[in-house]
Amino acid sequence: WRRGGVTVLTFTQQRHGQTSRRPPALRCEEAPTLRPCLMQGEDTRLPGLPRYVRINTLKLGAKAADRALLESGYRRAADAADAGKRSYHCDEDVPDLLVFKPKGKSDISRLPLVATGEVVVQQKASCFPALALAPPPGAVVIDGCAAPGNKTSHLAMLMENRGRVLAFDMNERRCALLRERMALKGASIVSARHASFLSAAPADPEYAGVTHVLLDPSCSSSGMSLDPITEPAALAELASNQRALLLHAMAFPGVTAIVYSTCSVNEAENEMVVAAVLQAQADAPPERRFRLVPALPAWHRRGHRCAAISGAARREEVAACCVRTLYPDDGTIGFFVARFEREAAAPPPPSTSGGLRSSSSSAGAPIRAEMAAKLSGSERTFATHACSGRRKRRQRATAPPRTNKYLAMTKLDEPVGCGGSDREPESGSCSAGTGSEWDLSEWDLPEGLISWASRSARRQISSEARHGGGGAAAAGTAAAAAAAAVVVAAAAGVAAAVAEVEEEV
């Protein structure tokens, strides 16, 4: 195998009738040219990059994450200018993404939140594919090259764990790891499949409902590694496989949107693959033909005008529609994203943000905060809590949200009635009767909400009893009853079609 430009020989030996493959038993003194490889191991990541942590809103809200990080010794700063090593700030572009100091100045991999799956260590650019695809809750999505699963869990989070994500991976070990990570992150809609996406038959009735496909296939890793694949023959093979995956995804009859991404900076794997796929299906009937559309319109860095693409119009189209990130200018790894949509499909709801926070200034300026996700239609509203914690407005929806929306709107860590410590109640005050007993079962409420209210009441009673004795416990019981009444009243209001959409005031 090759590492750092050095060819390392491996040997095979017969042992008990079996052939095993192992690296040579060489000391560094005997092979001084191998010293960097043997001493540094497999870490070929680009140096100096910030560490990024995505809040997994399937399990945790932004405010709860701030509290847990504070307990771990980290504090939130207003921006990146803060010099403290144990500080972090909210990313300007990607919702629910926290930015920490580079490796060596922060040790986020040991955070308890990482071990529990409540946050995900994920590079900023790696969040772009799921945001560019933006499948609505309830959709059926294929992740054609899923392991290790960061993008897969991001899809499930954006879909609010409603719908299905069919995650393919050819490697058995990686597929098993994918299942473990999805269970840890609470992504219950993900179904991991130990198979090649190319083996999935588009005509199979199982895939008739698939509407979105995410493809992040194997690539040269030239955007994220100090030791990428550079051999021309290997690059040509990678590009051929990437084209085959894209064309296969376009063969599924129900698919309306496809996002293709790589962690490569090579035009041969990016713009040229996109142009080749567009050319290959140019003669297909309109109902089967896909067009290239702008991915993440709010992002400032677009694709390359690749001289190898024939036709000036096609070169401009590919450059304008595709997205790139550049190391180290963009503070993340080099990345590429393209989005295809079926020509005969109805256009998606308009969105100026395309999944990112929108920019009100010229290209290249910091992107301002706006809506954190696309609306999935007038009957359902997806609200993602921004890190800023600013005051929000409430907007009434045309129909009641689904059952699991009751708690999703408050990120499971804010009182439903008051909408969080930084917001005023929508009407009235957070007060109710002072009875010491209450019964939530008579209300037509989700079981999870009743359980949450009961736990909140028990915590209140227990806290008052510890600090104030029996009299305080009785007062705590009354206060908990009042809080539970507020929960019930707020939930009844939600059932009357109140949905929260976050906008800056």
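1. A residue is called buried under 20% relative accessible area, exposed over 50% and partly exposed in between, with a 1.4 Å probe and protein chains only. At 0% relative accessibility, Phe-252 counts as buried, and Tyr-207 counts as buried at 6%.

2. The model is predicted, so that local features need pLDDT of at least 70 and side-chain atom pairs count only at pLDDT 80 or more, whereas totals for chains, interfaces and linings use all residues. Residues are numbered from 1 along each chain as its sequence is written, and side-chain values use heavy atoms, with hydrogens and water left out.

3. The protein chain has 11 helices and 19 strands, which are DSSP runs (H or I of at least four residues for helices, E of at least two for strands) numbered from the N terminus. Of its 505 residues, 48% count as buried. Among contacts (heavy atoms within 4.5 Å) with a separation of 6 or more, 71% join residues 24 or more positions apart.

4. The largest nonpolar core holds 45 residues; such a core is a set of buried Ala, Val, Leu, Ile, Met, Phe, Trp, Tyr and Cys residues joined through side-chain atoms within 4.5 Å. Phe-128, Leu-296, Val-337 and Leu-356 touch the most other members. Elements giving two or more residues to this core include helix H4 (128-133), strand E11 (164-169) and strand E17 (335-342), and the largest share, 5 residues, comes from H4. Leaving aside residues up to four places away in sequence, Phe-128 touches Val-94, Leu-296, Trp-299, Val-323, Thr-325, Val-337 and Leu-356. Apart from this core lies another, of 35 residues, including Leu-245 and Phe-336.

5. A search of the whole structure finds 8 aromatic pairs, where rings of Phe, Tyr and Trp (its six-membered ring) pair if their centres lie within 6.5 Å, with planes under 30 degrees apart counted as stacked, over 60 as edge-to-face and the rest as tilted. Phe-168 and Tyr-207 form a tilted pair, at 6.4 Å centre to centre and 50° between the planes. Because Phe-168 lies in strand E11 and Tyr-207 in the loop between E12 and strand E13 (212-215), this pair ties together parts that are 39 residues apart in sequence.

6. Tyr-207 also pairs edge-to-face with Phe-252, at 5.8 Å centre to centre and 80° between the planes. Phe-252 lies in the loop between helix H7 (232-250) and E14, so this pair ties together parts that are 45 residues apart in sequence. Ring pairs link Phe-168, Phe-197, Tyr-207 and Phe-252 into a cluster.
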